[in-house]
Amino acid sequence: MKTFSATPADIEKKWFVIDAEGVVLGRLAALIATRLRGKHKPSYTPHMDCGDNIIVINAEKVKLSGKKMDDKIYYWHTGHPGGIKQRTARELLEGEHAERVVTKAVKRMVPSGPLGNAVMKNLRVFVGAEHSHAAQNPEVIDVAAMNIKNTRSRA
């Protein structure tokens, strides 16, 4: 028996929409990363982008467990001496670009390098319930109903 290795002609990509309202961030990001890589498919091939396209809506309504809302800090550097800056997760979620919290969480769960960059292009994150990909007829994935722990967070 030969080992199956997917080629670009074998890969079929589907579209899925996920509502992030009330879902714990880490559990949501882990599920999205798995779907983006294609690990849920029997035809998974590690060196190919065989995952699906994921649309996340209501990214600003995601939950963080424990005291992460105030204790989790996102750092970046301006490139100038002494130019390190920081924001808490609360500041990001209440700010102008709330979708970056979900995007960063997923990006840190996929491999770094060219394959990870290609996989991240299949993720679209939106603030609010509207998205611009209705023409693709995405299927709905109810992450909140999969496990009771997906929505439970201590605040």
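**Salt bridges, pair by pair**

Reply: Let's begin with Lys41, which is buried, as is Asp52; buried means under 20% relative accessible area, exposed means over 50%, and partly exposed lies in between, using a 1.4 Å probe and protein chains only. Before going on, please keep in mind that this is a predicted model, where local features need pLDDT of at least 70 and side-chain atom pairs need 80 or more, while totals for chains, interfaces and linings use all residues. Residues are numbered from 1 along each chain as its sequence is written, and side-chain values use heavy atoms, without hydrogens and water.

Lys41 and Asp52 join in a salt bridge, their closest N and O atoms being 3.0 Å apart. Both lie in the loop between H1 and E2, eleven residues apart. Here a salt bridge is a side-chain nitrogen of Lys or Arg within 4 Å of a carboxyl oxygen of Asp or Glu, and helices (H or I, at least four residues) and strands (E, at least two) are DSSP runs numbered from the N terminus.

Another one brings together the side chains of Lys13 and Asp49, at 3.2 Å from N to O. Lys13 belongs to the segment before E1, and Asp49 to the loop between helix H1 (25–37) and E2, 36 residues apart. Lys13 is partly exposed, at 34% relative accessibility.

Next, Arg90 meets Asp70, with 2.7 Å between the closest N and O atoms. Arg90 is in helix H3 (residues 89–94) and Asp70 in helix H2 (residues 68–71), 20 residues apart. Arg90 is partly exposed at 32%, and Asp70 is partly exposed at 45%. Glu94 joins in too: a network of salt bridges links Asp70, Arg90 and Glu94.
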